[in-house]
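Me: I'd like to learn how to read a protein model, one feature at a time. Could you show me the structure, so that we can begin with the ligand?

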Amino acid sequence: MMKSSNLQKTLKKSEQYLPAEDTFFLADHLEGLSGDSALDIGCGSGYLTDILKSTFRLVVGTDISFNTLVEQNFKTQNVICCNSADALNLDFDVIICNLPYLATDEIIDVATDGGKDGLEIPQKIISSALPHLSKQGKFLFVTSSLSDYMGLIDFVQSKNFKAKIIDRKKLFYEELIIVEVKHLLS
Ligand SMILES: C[S@@+](CC[C@H](N)C(=O)[O-])C[C@H]1O[C@@H](n2cnc3c(N)ncnc32)[C@H](O)[C@@H]1O
């Protein structure tokens, strides 16, 4: 567990994650999604939250970086600075997250670093998100071949949810992977 003084240093240093290949790849999968409520975890610039706004009545974005939320390029009405969905008391039809998935020894940049095997932070985010997925809901997250993505899928399944890879995209240095999570009985 990171000491709070170190966490503050990490957050101060962090800057807004500008939309990148992984953002656009997840954006492609938002087409056709609609419903009452959607949650964008780790919303960063607000690029994806902004897309969800057109087809959902209520859209909430969360991010652990306060500075990121203050500086958002795509301003979102409902943003909360917290770990994943920890501060929320609501279920969502759709949850999305472009995870910080890089395998790293420590968390220097909260926007990208996932900790050991790229699992530590994603597991923390997913554990917090799953209880907020409505019964017929869908949770989409982006991960990568640069992390132990099969370990992450096993982790989700161990929580009694269905998880499957629905798309892959090869880049020069990695393969982006989109995982869809649903309740077992949905
Ligand atoms: C890869 S960036 C994605 C940003 C944006 N969603 C996008 O796709 O362009 C990951 C974001 O997750 C945020 N983040 C990291 N750890 C988090 C956590 N435990 N809870 C909430 N947000 C977190 C970071 O601050 C960063 O904005």
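Me: How many residues surround the ligand, and which are the closest?

Reply: A residue is near a molecule if its C-beta atom, placed from the backbone, lies within 6 Å of it. Here 25 residues surround the ligand, and the closest are Thr 23, Gly 42, Gly 44, Ile 64 and Asn 98. Keep in mind that this is a predicted model, where local features need pLDDT of at least 70, side-chain atom pairs count only at pLDDT 80 or more, and totals for chains, interfaces and linings use all residues. Residues are numbered from 1 along each chain as its sequence is written.

Me: Which element supplies the largest share of that shell?

Reply: Helices (H or I, at least four residues) and strands (E, at least two) are DSSP runs, numbered from the N terminus. The largest share, three residues, comes from α5. At least two residues each come from α3, β2 and α5.

Me: How do the shell residues divide into nonpolar, polar and charged?

Reply: Ala, Val, Leu, Ile, Met, Phe, Trp, Tyr, Cys and Pro count as nonpolar, Asp, Glu, Lys and Arg as charged, and the others, Gly among them, as polar. Around this ligand there are 12 nonpolar, 11 polar and two charged residues.

Me: What pLDDT does the protein chain average?

Reply: pLDDT is the predictor's confidence in each residue, from 0 to 100. The protein chain averages 93, and 92% of the residues score at least 70. Over residues 1–5, though, the pLDDT is below 50, and this stretch has two contacts in the model beyond near neighbours in sequence. Two residues are in contact if their C-beta atoms, placed from the backbone, lie within 7 Å. Where pLDDT is low, the predicted coordinates should not be read in detail.

Me: Which residues have the most contacts inside the largest nonpolar core?

Reply: In soluble globular proteins, nonpolar side chains tend to be buried together. A residue is buried if 20 or more other C-beta atoms lie within 10 Å of its own, exposed if 12 or fewer, and partly exposed in between. A nonpolar core is a set of buried Ala, Val, Leu, Ile, Met, Phe, Trp, Tyr and Cys residues joined through C-beta atoms within 7 Å. The largest one here has 40 residues, and Ile 95, Cys 97 and Ala 129 have the most contacts inside it. Among the elements that each supply at least two of its residues are β1 (35–41), β4 (92–98) and β7 (133–144). Leaving aside neighbours within four places in sequence, Ala 129 is in contact with residues including Ile 41, Ile 95 and Phe 139.

Me: Is Val 94 buried or exposed?

Reply: Val 94, in strand β4, has 23 C-beta neighbours inside 10 Å, so it counts as buried. Beyond four places in sequence, Val 94 is in contact with Leu 33, Gly 35, Ala 38, Gly 137 and Lys 138.

Me: And is Leu 152 buried or exposed?

Reply: Leu 152 sits in helix α6 and counts as buried, because 24 C-beta neighbours are inside 10 Å. Among its contacts outside four places in sequence are Leu 119 and Thr 143.

Me: What is the phi of Asp 117?

Reply: Most residues other than glycine have a negative phi. Asp 117 has a positive phi of about 60° although it is not a glycine. Its place is in the loop between β6 (113–115) and α5, and Asp 117 is partly exposed, with 16 other C-beta atoms within 10 Å. Asn 160, in the loop between α6 and β8 (161–170), also has a positive phi, near 70°. Asn 160 counts as exposed, with 10 C-beta neighbours inside 10 Å.
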